[in-house]
Structure formats: structure tokens, C-alpha cells
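Hello,

Here is the structure we talked about handing over. Please look through it, and then read my notes below.

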Amino acid sequence: MTYCVGLLLDEGMVLLSDTRTNAGLDNIATYRKMFVFEEPGERVITILTAGSLSVTQTALARLREAIDQPEANEETSIMRAPTMLKVAEIIGNTLASVRQDIEHKMNAAKVSVSASMIVAGQRKGGTMRLFLVYPEGNFIEATEDTPFLQIGEHKYGKPILDRVVRVATTLEDAQKAVLLSMDSTLRSNLSVGMPLDLAVIARDECRVTMKRRIEKDDPQFAQMSQDWSEALCQGFSKITL
């Protein structure tokens with residue numbers, strides 16, 4: 001399991017993922033779930049992944065292969081696609097194809113494989129867009145009414161996003177919101193774990209403007225977690241029946 005979240009705001013986008021892969025109580029590993037494709041100043045695409053590791057790794061490998069092909073074009077390469085909508089379509093088709101291939105091979109073992117992705121980015125001259133791509137390849141898009149998308153174990157981290165995140169939220173406050181959302185998830189579900197990958201994409205920069213790996217012993221994150229716990233306890237004590 002995993003937890004990934006993306007925010008689409010007036011000032012830009014904020015993306016956060018954990019790195020826990022759990023294949024059983026005695027088989028826990030760390031794998032990166034945030035992947036960046038960019039030509040700084042021209043195009044930036046960030047993909048967050050959740051679900052079957054074999055599906056997501058194979059899908060990403062096929063996307064990279066398509067980029068590197070000499071005959072790569074607007075229909076096959078996310079780095080040549082004319083719009084972010086086309087990028088989402090290419091990624092969706094690739095994810096669905098890989099899932100079907102692997103699922104067919106696993107039918108005999110009666111094992112179901114599934115994966116989903118958050119796709120965020122902007123090309124020069126275009127608008128910033130944020131998509132959630134489902135295992136079947138279809139997708140939905142973040143809007144002003146719903147400016148964030150989540151995949152994986154999202155229920156624990158959703159309440160704070162519902163309460164504080166708006167399109168007018170600053171990038172600084174947005175980072176705080178996603179980190180506290182992740183903190184709530186880490187406390188409630190052992191299948192989500194450190195380290196974390198945090199990225200910020202400022203509007204019209206067409207590049208990742210800030211990227212940070214947050215380790216388990218990160219003092220800033222630990223202090224934020226402690227402050228949030230204390231604030232919740234203080235708020236709780238002030239409420240009367």
C-alpha cells in the first residue's frame with residue numbers, strides 16, 4: 001500500500017508520496033513512487049504511483065522506452081504530446097495495457113493486479129493540469145471545486161485537505177497541508193512509511209522548482225508532527241458538549 005497526494009493551486013502544484021512497499025509482514029521494502037520527466041522551461045511531468053509494483057514499474061519502463069524511440073511522436077511520447085490531456089491519455093493507455101498483460105499471466109494463480117497514478121504537469125504555453133489515472137486507463141481531473149487528488153491509503157489524510165485546501169492556498173501552506181495529511185496516514189496505517197518525496201512546481205516555470213527527500217529522522221517533519229498533535233489536543237479540550 002502507499003499514499004500519494006497532489007494539489008493544483010493558483011500558484012502551482014504540490015506533490016507528496018511515501019516509499020513503503022509491503023508484500024507481507026516480513027517483507028517491507030522502500031521504492032520511489034515519484035517520477036519526474038522534464039525539459040526545464042519547456043515541459044514538466046510528474047507521475048506518482050500506487051498499487052502493484054510490477055505494473056507501475058513496467059508501465060514507467062514502457063513510457064521511458066517510448067520517449068527514447070527514434071520514431072517517437074505526439075501519439076507515443078509524453079515528452080512530445082501537444083497537451084497535458086494527451087499526456088494523460090498516453091499514460092492511461094500504457095497503464096491499462098500493462099495491467100491487462102500482467103493480469104492475464106497471473107490468472108492461473110488467481111491473483112488480481114491493480115495500479116493507479118497521479119499525473120501532474122505543464123507544457124510551455126499550456127495550463128497546469130492534474131489527473132488521477134485509474135487501472136483501466138480512464139482518468140479524472142482536479143478542478144477548482146476539488147483541487148487535490150489522492151491515491152493509495154487516502155482516507156486518513158483526506159479530512160485535513162477537505163478543511164484547509166483551496167485553490168487560493170499558498171504553496172507554503174500547501175506543503176504544510178500535504179505533510180500533515182501524510183503524518184495522519186503514517187500514524188494510522190503501517191503500510192505507509194518513510195522516507196517521503198516532496199515536490200513543488202511553480203506555475204508557468206515548467207520545471208520542478210523544489211524537491212525534497214524527507215527521512216525518518218527529519219527534525220523539521222518531527223517538530224511539525226508534534227506541533228500538530230498538540231494543536232489537536234488543545235482544540236479538543238476546548239470543545240464542550
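Phe 139 is partly exposed, at a relative accessible area of 26%; partly exposed covers what lies between buried (under 20% relative accessible area) and exposed (over 50%), with a 1.4 Å probe and protein chains only. Rings of Phe, Tyr and Trp (its six-membered ring) pair if their centres lie within 6.5 Å; planes under 30 degrees apart are stacked, over 60 edge-to-face, and the rest tilted. The count by this rule is one aromatic pair. Phe 131 sits in strand E8 (residues 129-133). From Phe 131 to Val 165 is 34 residues in sequence and 17 Å in space, C-alpha to C-alpha.

A word on ground rules. This is a predicted model, where local features need pLDDT of at least 70 and side-chain atom pairs count only at pLDDT 80 or more, while totals for chains, interfaces and linings use all residues. Residues are numbered from 1 along each chain as its sequence is written, and side-chain values use heavy atoms, with hydrogens and water left out. Helices (H or I, at least four residues) and strands (E, at least two) are DSSP runs, numbered from the N terminus.

Next, strand E11 (196-202). Seven of its seven residues are buried, so E11 is largely enclosed by the rest of the structure. In a regular strand the side chains alternate between the two faces of the sheet. Both faces of E11 are covered. Leu 196, Leu 198, Val 200 and Ala 202 are buried on one side, and Asp 197, Ala 199 and Ile 201 on the other.

E11 has these partners. Strands pair if DSSP finds at least two bridges between them. Strand E2 (residues 12-17) runs antiparallel to E11, joined by six bridges. There, Met 13 stands opposite Ile 201. E11 and E12 are also antiparallel, with five bridges. Here Val 200 faces Met 210.

Another strand to look at is E10 (residues 148-152). Four of its five residues are buried, so E10 is largely enclosed by the rest of the structure. E10 pairs with E1 in the antiparallel sense over five bridges. Val 5 stands opposite Gln 150 in that pairing.

Now the backbone. Most residues other than glycine have a negative phi, and most peptide bonds are trans.

- Met 194 and Pro 195 are joined by a cis peptide bond, with omega about -5 degrees. Pro 195 is in the loop between helix H4 (171-188) and E11.
- Asp 204 is not a glycine, yet its phi is positive, about 70 degrees. Asp 204 lies in the loop between E11 and strand E12 (210-214). Asp 204 is exposed, at 56% relative accessible area.
- Cys 206 has a positive phi too, near 55 degrees. Cys 206 is in the loop between E11 and E12. Cys 206 is buried, at 2% relative accessibility.

On to the core. In soluble globular proteins, nonpolar side chains tend to be buried together. A nonpolar core here is a set of buried Ala, Val, Leu, Ile, Met, Phe, Trp, Tyr and Cys residues joined through side-chain atoms within 4.5 Å. The largest one has 26 residues. Leu 7, Val 14, Leu 16, Leu 161, Leu 179 and Leu 196 touch the most other members. Strand E1 (3-8), E2, H3, H4, E11 and H5 each give two or more residues to this core. H4 gives the most, with eight.

Last, the second largest pocket. Its volume is about 180 Å³. A pocket is an open set of points on a 1 Å grid over the protein atoms alone, where a 1.4 Å probe fits, with protein on both sides within 12 Å along at least five of seven lines; lining residues have an atom within 4 Å of a point. Points are joined across faces, edges and corners, and the volume is the space filled by probe spheres set on them. Helix H3 (158-164), H4 and helix H5 (219-238) each give two or more residues to the lining. H3 gives the most, with four. The lining includes Tyr 156, Arg 187 and Trp 228. It divides into six nonpolar, two polar and two charged residues. Ala, Val, Leu, Ile, Met, Phe, Trp, Tyr, Cys and Pro count as nonpolar, Asp, Glu, Lys and Arg as charged, and the others, Gly among them, as polar.

Best wishes
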